[in-house]
Amino acid sequence: MTNAEFEARIETTDEWIRERTGIEQRHVAADGETTSDLALVAAQRALEAAGVSASELDLIVVGTTTPDIIFPSTACLLQHRLGARDCPAFDVNAACTGFLYALSIAEKFVRTGAAHNALVVGAETLTRMLDWSDRGTCVLFGDGAGAVVLRADSQPGVVSTHIHADGQYQNLLYNPVGVSRGFKDEPNHGVRVMMSGNEVFRVAVRTLSRIVDETLAANRLGKEAIDWLVPHQANLRIISATAKHLDMPMDKVIVTVNKHGNTSSASVPLALDHGIRTGQIKPGQLLLLEAFGGGFTWGSALVRL
Ligand code: UT7
């Protein structure tokens, strides 16, 4: 869905969206297409790339805020569709940080020997919870999925992960309804993303600078050690601010926000996949992954490819 399509529907312009966010288009799942449909394709491609079969998996973690149904988890639905059985499978809801939370959990399983092959997915159908009349949010988000396979090795690929949350910011970015609080007699049962964009923006820039510093310090590395920044794709201005903090030129930053918008949990694995499949990211390089989202939650991972 292009920015031009929004111009016809709401009070906005392609110019405003591109200048304020960097977004040119986003993908919208087809009617009836669910998060596990997107997760399945991403998972199959990741398994194929890793040379691992579904039956070899001993952990599946899916980062998502938009599960197919309330339960069973999207991870259980995915496990069955992949033809895997027995291994633990569960979802993690950390809003836009979902993939980094999922990666961090899987890393601990692999590091402790509890899992040998772990599938980590970030998948969302965020457009299902948009208020299409709210120009401050509806132009920002898109649907998608990305996945990675972690395999135990004597040379760790995931060097370190760092995850955090601060629930005091819950009212700056949230969806006001749910099973326990109840739904509303409103369009879409009151399901809608609500965001104080400007305040989220300021905290995101500050917090992402802090998490990249934390990641470098934990590994006793200088900024120059990082080959690629693979950031959460919410807003090009936030991405540029983090790159500037790292003294990284933009040609060392994977940018997909123009093509995908903000796909929440799917954003970092989609960007990673794009960087690898386009040949920009090369084997042996050191990557810094980071994300920030509702909660607030935030996290990072240092990855040696
Ligand atoms: O992934 C989870 C974390 N989420 C984020 O990181 C998102 C963080 N926030 C942002 O990316 C930015 O704050 C936005 C892109 C959401 C908004 O950009 P902004 O520069 O912070 O704009 P603003 O909210 O301060 O609004 C500026 C003006 C307002 O008009 P007035 O009040 O100055 O007349 C808005 O009503 O822009 C207006 N505006 C729009 N105009 C045209 C807001 N949305 C639109 C729009 N088209 N779609």
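Me: What should I know about the model before we start?
Reply: It's predicted, so local features need pLDDT of at least 70, side-chain atom pairs count only at pLDDT 80 or more, and totals for chains, interfaces and linings use all residues. Residues are numbered from 1 along each chain as its sequence is written, and side-chain values use heavy atoms, with hydrogens and water left out.

Me: Why is Leu 59 called buried?
Reply: Buried means under 20% relative accessible area, exposed over 50%, and partly exposed in between (1.4 Å probe, protein chains only). Leu 59 has 0%, so it counts as buried.

Me: Where is Leu 59 found, and which residues is it in contact with?
Reply: Leu 59 is in strand β1 (residues 59-63); strands (E, at least two residues) and helices (H or I, at least four) are DSSP runs, numbered from the N terminus. Contact means heavy atoms within 4.5 Å. Leaving aside neighbours within four places in sequence, the contacts of Leu 59 include Cys 87, Phe 90 and Leu 119.

Me: What makes the pair Glu 24 and Lys 259 a salt bridge?
Reply: The rule wants a side-chain nitrogen of Lys or Arg within 4 Å of a carboxyl oxygen of Asp or Glu. Here the closest N and O atoms are 3.7 Å apart, so the pair passes.

Me: How is the protein chain divided?
Reply: Into domain 1 (3-154) and domain 2 (159-304), with bounds from an automatic or database domain assignment. Their centres, taken over C-alpha atoms, are 14 Å apart. The contact takes 48 residues from domain 1 and 44 residues from domain 2.

Me: How much area do domain 1 and domain 2 bury between them?
Reply: About 3,300 Å², with 59% of it on carbon and sulfur atoms. Buried area is the accessible area (1.4 Å probe) that two parts lose on being put together, summed over both. The rule also finds two salt bridges across this interface.
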